[in-house]
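Hi there,

Here is the structure I promised to pass on to you. Please have a look at it first, and then read my notes below.

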Amino acid sequence: MAMTNPGEPTPVSRRGFVAAFLGGGFLLSAAAFLYPVVRYLIPPKTADMGSDSVLAAKVGELKPNSGKIFRFGSRPGLLIHTAEGDYRAMSATCTHLSCTVQYRDDLREVWCACHNGKYNLNGRNISGPPPRPLEAFDVQVRGDEIFVRRRREA
Amino acid sequence: MAILRNNSPAFVKAEWRVILVFLVFSALVNVSDGQAKNSCLDCHSALPEPLGVTQDTFAGDIHSQKGLSCVSCHGGDATSDEPDQAMSRKAGWKGKIDRKQVPQLCGSCHSDPAYIRQFNPSLRTDQLDQYRTSVHGKRFAAGDGKVAVCTDCHSVHDLRAPSDPRSTVNPVNVAMTCSRCHSDANYMKEYSIPTDQFARYSQSVHHDALAVRGDLSAPTCTTCHGNHGAVPPGVDKVQNVCSTCHVFQAQMYEQSLHKKAFQARSLPGCVVCHSNHAITHPTDAKLGTGPGATCTECHTPGDKCDQARAELLGGLNRLDASIRHADEVVALAESSGMEVSEARLGQNQARDALTKARVTVHSFRQDLMDQDIQAGLNIAAKDLEAGQKAMAEYKHRRIGLGVSLLAIGTVLVSLRLFIKKIES
Amino acid sequence: MSRLRDVSSWVEERLQWNDLIAPLRKKTVPLHRLSYWYFLGGITLFLFMIQVLTGILLLLYYRPGANEAFESIQYIMTQVQFGWLIRSIHSWSANLMIFTAFAHMFSVLFLKAYRKPRELTWLTGVILLLLLLGFGFSGYLLPWNTLAFFATKVGTEITGQVPIVGNPSMVFLRGGEEVTGATLTRFFGFHVAVLPGLTTLLILLHLLLVQRQGMSVPPSVEAEWAAQPSARREMKFFPNFALRELMAWYVALGALGALAAIFPWNLGVKADPFAPAPAGIKPEWYFLFMFQTLKLIPAKVWFVDGEVLGILAFGAIGLLWILLPFFASAKPSLTKTWITGLAGFALAYITGMSVYGYLAK
């Protein structure tokens, strides 16, 4: 901004200052708006597969005749690698009093430690207090990833 | 109803009238329920107690539904309306069945597999044999007329299958049925057993599960004592009974020092700490020194066992406190609008670990407890961290908001100045 | 600056837009003690533009469908960077927009801006308000949480009570007899395609009319200026009023940001159609006054079912409300007073019933 004679008012520079202030303010506010929007547009690392499909484990992670608890939506799920080599998945919330069940490799059954309830590998309640079967899920192996999906409704 | 035998026309008319009434009546009876004539009910449905049995009542009886009737047990002739005929000894009428004859009578069918097979092939036929081994059966054989016989528990004339919720022997109703005698202090005067079992059972978690919540897997009197062969489990057999459902606890107890100690003193295992009938929901207070403390009933304060007790309790308390703390932080984050469902799920697992620790307590071994406690502490710590991160993020958002409000404030101020400028 | 002039003349040679925007350059806004009310329409428009922007952003991650909707919003709130901000702004802006729309309508009523020749502006405006309520109703269901599910159930149920056309309308809205995933899909279609299309058309019409006719001056001020012509003051729209309007918009933006950051919008629990309805289900605040009224009407009025009567009454009032200016035109002086009275009553009624509905169990 050019210096004028001292003592004279400099209306142009003052107007310029306000304009610069305004411009700066606009830019700042625009940045404050655009920054979240731009970051929003970039897809997050964890892909959303919805509660439908969940990556439960990788192939090789589970030995045959063993089980693993994984998160399915907001409840635990149980993934079993059977002794014969196939995969089963079901809800891990016992239908009796909601304890978390586990896979027993000695019994080759799903067992609830709370009151000795037992389920077979299809999730059907076969012994003890549980009144209903465990909800069974679909397992899909894609490459080296094991996905668990809720069974499709008709 | 006597049939008049005078031959005057008026009386002949009367005779015909009676026969007409008889025919109409039997026709009505046949039309109304399609069953064979049952003259017993015809009269007895109109009689007062204790002779009264109505059609409705008996229709609910499973024997009636299977095609049996009064004569199946009482004998007699159900086709005749004349009392002398219907209730004649010649027709096999037994009259009121005496208590002492009830087991024999019921057993005459129910212990005959070939007979019962016709109605329900999977129905057991060893009830009478079992009964004979029970306390009731043994006293009965010794001549005691007060002990329970079949009809006392199963009722009679409105007897229903145990699966029927109205049956006196449906699991939900069993305790009430037993208590009819066993809680009657007067009736049980001459026996040397207490009469507070039902009152105490009513306070228990098992009663709450079964009668209040309707969980049919919960135990009632017959689950632990047996039904037909009812005998209180022996002192050394209590653990077997409880372990049918409470497997893990029993396994832990089996490994523990208490098992040997209790066995040596002939103490009834689980019952010592948990009671037999008044099994209330156990809390950590059992391990404490205040109200509800169980250990201190035997152990001297300050001795080695008491110290171990304090350590066990300490572990549980630490985990419980840690879970609560994480819960608080996560709840605060949630109410501040942060999404913490993953941490909430983790908290469920932490609580599972605490439950497991409370089961492992039955081993009374610090090393085993520590495993479970530590697992739970790890999960709770992770969830606490997640909750704290959520709160930190919340603070960041407020700072971000502050920054953008600053930017907006700057624009507003400069706009004001600009407007002033261009309008001056 | 000269760059800007170059661009401007390049465009002018091709579009001849100077003629088009000339009226805008000359546009003025009357200045008087009630001029502040002129901002409300603009703020509503601004909030609508915010809705469109945040709505499009949400569309990039939202998935309609009963088994995915809730989870996709959960994903937006937790995993997407600033997803919480976009979603909370969308929800807050929706409510603020409906509030300013109502305020704008009432200010028009009290300042009598509906008078001839502005009847069509009023007409398009009321229809816009109804469209906004439709936006609110359809958008509310999209997260597929318990409250939304049951509020939709109750709301569509009430629609079904209208005689003759009620049930077909309800089935049309629900995409079936009950509220299901089909309802969600349908509402999504309404919310992102049908309603935006209609609203955009009507906004353009509404704005066109406002530009053509200029800003209305309230009768009291008109009288003052008629008596003293020198007292008349006008402000140029560009840049003076526009800059002030921009300030108002920035204030609104700041308020939105603060609300979104300090009171983030709740997500609730995923809807379970088989669970019983939670006690005390209420619609969103802008429907409360109607909901509360229906609750207060006795079950049977005369021989007519109370609820049906209430719904038909609201329908009739709505229709009359749309046609309000045409009643005013008939006898200007008389109707002006009773319309003011009616507006006052309506405002008091809506406010009172909303508060009552909010506080009632």
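B:Glu342 and A:Arg71 join their side chains in a salt bridge, with 2.5 Å from N to O. Please keep in mind that this is a predicted model. Between chain B and chain A the count is 1 salt bridge, and a search over all chains of the whole structure gives 32.

What does the rest of that contact look like? Chain B brings 26 residues to it and chain A brings 25 residues. The size of an interface is often given as the accessible area lost when the parts come together. Here the area buried between chain B and chain A is about 2,200 Å², with 70% of it from carbon and sulfur atoms. On the chain B side, B:Leu345, B:Phe418 and B:Lys421 supply 21% of the area that the chain buries against chain A, more than any other three residues.

Some notes on chain B itself. It has 22 helices and 0 strands, and 34% of its 424 residues count as buried. Its accessible surface is about 24,900 Å², and 60% of that belongs to carbon and sulfur atoms. Looking at contacts between residues at least 6 apart in sequence, 54% of those in chain B join residues at least 24 apart.

Now for salt bridges within a chain. B:Glu393 and B:Arg397 pair through their side chains at 3.3 Å, N to O. Why are these two about one helical turn apart? They sit in helix α22 (residues 366-423) of chain B and are 4 residues apart, so about one helical turn separates them.

B:Asp367 is partly exposed at 41% relative accessibility, and B:Arg365 is partly exposed at 33%. In chain A, A:Asp106 pairs with A:Arg104, with 2.9 Å between the closest N and O atoms; A:Asp106 is exposed, with a relative accessible area of 52%. There is also a network of salt bridges in chain B that links B:Arg160, B:Asp164 and B:Arg166.

On to the nonpolar side. The largest nonpolar core has 87 residues, and C:Phe102, C:Leu109, C:Trp122 and C:Trp144 touch the most other members. Helix α11 (residues 237-262) of chain C gives the most to this core, with 13 residues. Another core, of 15 residues, lies apart from it and includes B:Leu319 and B:Ile323. Leaving aside residues up to four places away in sequence, the contacts of C:Trp122 include C:Met105, C:Leu109, C:Trp321 and C:Pro325.

Chain C also carries a nonpolar patch on its surface, with about 750 Å² of accessible area together; among its residues are C:Leu319, C:Leu323, C:Trp338 and C:Phe345. The elements that give two or more residues to the patch are α13 (306-322), α14 (324-330) and α15 (332-359) of chain C, and α15(C) has the largest share, 3 residues. C:Leu323 lies in the loop between α13 and α14 and is partly exposed at 34% relative accessibility.

Best wishes

Notes. Residues numbered from 1 in each chain as written. Chains lettered and ligands numbered in written order. Predicted model: local features only at pLDDT ≥ 70, side-chain atom pairs only at ≥ 80, totals over all residues. Heavy atoms only, no water. Patch = residues over 30% accessible without salt bridge, like charges linked within 9 Å, V, L, I, M, F, W, Y side chains within 5 Å. Areas by Shrake-Rupley, 256 points an atom, 1.4 Å probe, with all protein chains shown as cover. Salt bridge = Lys/Arg side-chain N within 4 Å of Asp/Glu carboxyl O. Buried < 20%, exposed > 50% of the residue type's maximum accessible area, 1.4 Å probe, protein only. Core = buried A, V, L, I, M, F, W, Y, C linked by side-chain atoms within 4.5 Å. Contact = heavy atoms within 4.5 Å. Buried area = accessible area lost by both parts, 1.4 Å probe.
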